[in-house]
Amino acid sequence: MLFVNDHVKQYEIKHLTGFEEKKAVTVGIPRYDYYKHPIRHLKQIIFFGFVADEYFTNWHEIEDDVKKIKQINDIIEQYYENAIRFAIEHPDYRVIIKLKNPATRYKEIPMKVLNKFHRANISNLEISDQFITEELILNSKIILAYNSSVLIEALIVNKTIISPDFGDIAEDDYFINHPNLIIKTNEYEEIENICVNYKDYMITDDKEKRELVENLIFKADGKSSQRAEKAIIDTIEEKKIK
């Protein structure tokens with residue numbers, strides 16, 4: 001059995017009756033091997049779209065709290081408003097709001113916010129699900145998202161990452177133990193400054209970054225596919241011998 005990291009592997013070894021450790025191999029995430037491609041820093045900023053009930057780990061504990069849900073929705077609207085405002089004020093940048101998929105629920109809030117600006121056409125702004133995530137990350141200066149694996153992917157290729165700040169409403173996320181690796185803010189002026197001066201905000205603590213990345217995905221060395229292939233071939237060869 002192949003695993004993305006050692007924590008998952010050890011959990012399954014402990015809880016799967018009769019499962020032997022020699023049958024478990026940690027390989028990482030093969031999709032992340034794409035990040036061996038050249039990294040560029042185009043004048044491009046990506047806001048990855050999200051909906052609260054899929055990204056809050058404590059959603060079922062707060063979903064009936066009207067006050068908290070309003071706070072969350074206000075912050076999410078501000079997130080999209082920051083994206084659109086940046087596009088308007090910086091026409092030399094390409095700004096992309098990458099939706100998870102074409103479902104209406106993912107379009108609803110960004111389109112609602114866009115309508116507030118009464119702008120039929122902002123030529124450098126794109127709102128769509130029709131993008132390849134890995135290419136967006138490789139080619140952009142700044143990646144914005146909330147509690148998403150795309151933020152880990154962005155760290156792999158040394159991108160500066162920003163997340164909306166939900167304060168005490170959100171109990172957990174990927175960076176709960178590594179707050180120095182991400183900038184959390186809802187303020188447009190701060191986001192604007194980071195985007196324009198992105199080199200000043202690039203992560204320099206490689207040790208902490210490596211610790212987080214390897215804890216979640218084992219290794220970001222571009223060889224996960226090779227490890228997976230080898231493990232599969234070894235298993236086939238072992239079966240042939242038997």
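Asn 147 sits in the loop between β6 (142–144) and α7 (149–156). This is a predicted model. Most residues other than glycine have a negative phi.

**Asn 147**
- Phi of Asn 147 is near 45°, a positive value in a residue other than glycine.
- Asn 147 counts as buried because its relative accessibility is 15%, and the cut-off for buried is under 20%.

**Asn 158**
- Asn 158 lies in the loop between α7 and β7 (160–163).
- Its phi is near 60°, again a positive value in a residue that is not glycine.
- The relative accessibility of Asn 158 is 36%, so this residue counts as partly exposed. That class runs between the buried limit of 20% and the exposed limit of 50%.

**Largest pocket: size and centre**
- The volume of the largest pocket is about 380 Å³.
- The lining of this pocket is made by 16 residues. The closest to the pocket centre are Lys 22, Lys 23, Ala 231, Thr 235 and Glu 238.

**Largest pocket: lining**
- Helix α10 (residues 224–241) gives the most to the lining, with eight residues.

Definitions and conventions:
Residues are numbered from 1 along each chain as its sequence is written. This is a predicted model: local features need pLDDT of at least 70, side-chain atom pairs count only at pLDDT 80 or more; totals for chains, interfaces and linings use all residues. Side-chain values use heavy atoms; hydrogens and water are left out. On a 1 Å grid over the protein atoms alone, a cavity is a set of points where a 1.4 Å probe fits but cannot get out, and a pocket is an open set with protein on both sides within 12 Å along at least five of seven lines; lining residues have an atom within 4 Å of a point. Grid points are joined across faces, edges and corners, and a volume is the space filled by probe spheres set on the points. Helices (H or I, at least four residues) and strands (E, at least two) are DSSP runs, numbered from the N terminus. Buried means under 20% relative accessible area, exposed over 50%, partly exposed in between (1.4 Å probe, protein chains only).
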